[in-house]
Amino acid sequence: MKRKTYIFCFVALIILFVSAYFAGTKIVKRNQIKYKGTDGEAVTNVGVTVISGYWLRLKDDYVVIYNSKDEYIANTAISTDSLSEEEKLILENGIYVETANELFRYLESYTS
């Protein structure tokens, strides 16, 4: 290709990135969304902080994941047979974790 073609493609790519950036900031300003810096936490335009945490509980002899609104998310392959009595008691009451990273750490600790 010619040098002019490369320059044209490069300029077009820059224009696309700049327009996508401004479109995204416009949406954020319109909805007044502010990111607080922690996983799953945002402040909406009505000033309500939304935190999406997770609950780990026992159901049908398996560890099950629920969201902070107590809605079912997923089953795990972690059976109560592999847990100690203390862990079973704790999971019957439920374990709350605030972020997806914490959730994955807990699940990894039960599977290793």
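Colleague: What is the relative accessible area of Trp55, and does that leave the residue buried, exposed or in between?

Modeller: In between: Trp55 is partly exposed, at 23% relative accessible area. Buried would be under 20% and exposed over 50%, with a 1.4 Å probe and protein chains only as cover. Bear in mind that this is a predicted model, where local features need pLDDT of at least 70 and side-chain atom pairs pLDDT 80 or more, while totals for chains, interfaces and linings use all residues. Numbering starts from 1 along each chain as its sequence is written, and side-chain values use heavy atoms, without hydrogens or water.

Let's start with the ring. The whole structure has 2 aromatic pairs (Phe, Tyr or six-membered Trp rings with centres within 6.5 Å; planes under 30 degrees apart are stacked, over 60 edge-to-face, the rest tilted). Trp55 pairs with Tyr96: the ring centres sit 5.2 Å apart and the planes meet at 55 degrees, so this pair is tilted. Trp55 belongs to strand S4 (residues 54-59) and Tyr96 to strand S7, so the pair ties together parts 41 residues apart in sequence. Strands here are DSSP runs of E, at least two residues, and helices runs of H or I, at least four, numbered from the N terminus. Tyr96 is partly exposed too, with a relative accessible area of 33%. The other pair joins Tyr66 and Tyr72, whose centres are 6.3 Å apart with planes at 75 degrees, so that one is edge-to-face. Tyr66 counts as buried at 12% relative accessibility, whereas Tyr72 is partly exposed at 48%.

Setting aside neighbours within four places in sequence, Ile95 contacts Tyr54, Trp55, Leu56, Ile90, Tyr106 and Tyr110 (contact being heavy atoms within 4.5 Å). Of these, Leu56 and Tyr110 sit with Ile95 in the largest nonpolar core. A core here is a set of buried Ala, Val, Leu, Ile, Met, Phe, Trp, Tyr and Cys residues joined through side-chain atoms within 4.5 Å. Strand S5 (62-67), strand S7 (95-97) and helix H3 (100-111) each give two or more residues to the core, and H3 gives the most, with 3.

Strand S4 also carries a charged residue worth a look. Arg57 forms a salt bridge with Asp70, with the closest N and O atoms 2.4 Å apart (the rule is a Lys or Arg side-chain nitrogen within 4 Å of an Asp or Glu carboxyl oxygen). Arg57 lies in S4 and Asp70 in the loop between S5 and strand S6 (72-79), so this pair ties together parts 13 residues apart in sequence. Arg57 is buried, at 19% relative accessible area, while Asp70 is partly exposed at 46%. The count is 2 salt bridges in total; Glu85 and Lys88 make the other, at 3.4 Å from N to O.

Stepping back, the protein has 3 helices and 7 strands, running α-β-β-β-β-β-β-α-β-α from the N terminus. Of its 112 residues, 21% count as buried, and 36% of contacts between residues at least 6 apart in sequence join residues at least 24 apart.
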